[in-house]
Amino acid sequence: MSHLESGADVNLEQSRTPSSRRLTLTDVEVAARLGVSRFTVRSWRLKGLGPRFLKMGRAVRYRSEDVGEYERHALVETQAHVDHGGM
């Protein structure tokens, strides 16, 4: 079996893929996306808060769509269109 047939190049190519195109994110990437520390993301996970996550052995990964769903649920609507007596 040649080096190319072993699949090693595929793994190298996947590791170079920008995080925005990968299927899963690390806690560091989620923290950067949400503007919090990785320790906050870990704390949320341990408390059952924050975005849903995948647990594969010891590895924890987040799907981009789950982080997006968490962001949508955290979105707060403001009352910018309140009538202030004809002002």
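Predicted model: local features only at pLDDT ≥ 70, side-chain atom pairs only at ≥ 80, totals over all residues.
Does L49 count as buried, partly exposed or exposed at its relative accessibility? L49 counts as partly exposed, because its relative accessibility is 46%, and exposed would require over 50%. The points below take the rest of the structure in turn.

1. The protein chain has an average pLDDT of 80, and 67% of its residues reach at least 70. Helix 2 has the highest confidence, with a mean of 98. Helix 1 (residues 8-15) has the lowest, with a mean of 41.

2. Over residues 2-16 the pLDDT stays under 50. For this stretch the model has 5 contacts beyond four places in sequence. Helix 1, residues 8-15, has a mean of 41.

3. Order of elements. The protein chain contains 4 helices and 3 strands. Read from the N terminus, they follow the order α-β-α-α-β-β-α. Of the contacts between residues at least 6 apart in sequence, 39% join residues at least 24 apart.

4. Surface and interior. The protein chain has 87 residues, and 15% of them are buried.

5. In soluble globular proteins, nonpolar side chains tend to be buried together. Here the largest nonpolar core has 7 residues: L25, V30, A31, V41, V60, Y62 and V67. At least two of the core residues come from helix 2, and at least two from strand 3.

6. Helix 2. The buried residues here are D27, V30 and A31. They lie on the same side of helix 2, because they cover an arc of only 100° around the axis. The cover over the buried residues of helix 2 includes strand 1, helix 3, strand 3 and helix 4. Just after helix 2 comes G35, with a positive phi of about 75°.

7. L34, also in helix 2. L34 belongs to helix 2. Leaving out residues up to four places away in sequence, L34 touches W44, P51, V67, Y70 and E71. L34 and V67 are 33 residues apart along the chain, and their C-alpha atoms are separated by 8.6 Å.

8. Helix 3. This helix covers residues 38-47, and its buried residues are V41, W44 and R45. They line one face of the helix, because they fall within an arc of 100° when seen down the axis of helix 3. On the face turned away from the buried side are the exposed residues F39, L46 and K47. Helix 2 (27-34), strand 3 (59-63) and helix 4 (64-74) are among the elements that cover the buried residues of helix 3. G48 follows helix 3 and has a positive phi, near 80°.

9. V41 in its surroundings. V41 is a buried residue of helix 3 and one of the residues of the largest nonpolar core. Beyond its neighbours within four places in sequence, V41 is in contact with D27, V30, A31, V36 and Y62.

10. L49, from the opening question. L49 sits in the loop between helix 3 and strand 2 (54-56). In sequence, L49 and Y70 are 21 residues apart; in space, the distance from C-alpha to C-alpha is 9.8 Å.

11. Helix 4. The buried residues of helix 4 are D66, V67 and G68. Their cover includes strand 1 (24-25), helix 2 and strand 3. V67 is also one of the residues of the largest nonpolar core.

12. D66. What is the relative accessible area of D66? The value is 7%, and D66 is therefore buried, since buried means under 20%. D66 is found in helix 4. The side chain of D66 makes a polar contact with the side chain of R63, at 2.8 Å. Not counting residues up to four places away in sequence, D66 touches P51 and R52.

Terms used
Residues numbered from 1 in each chain as written. Heavy atoms only, no water. Buried < 20%, exposed > 50% of the residue type's maximum accessible area, 1.4 Å probe, protein only. Arc of directions from axis to C-beta. Contact = heavy atoms within 4.5 Å. Core = buried A, V, L, I, M, F, W, Y, C linked by side-chain atoms within 4.5 Å. pLDDT = per-residue confidence, 0-100. Polar contact = N/O pair within 3.5 Å; in protein donor to acceptor, adjacent residues only side chain to side chain.
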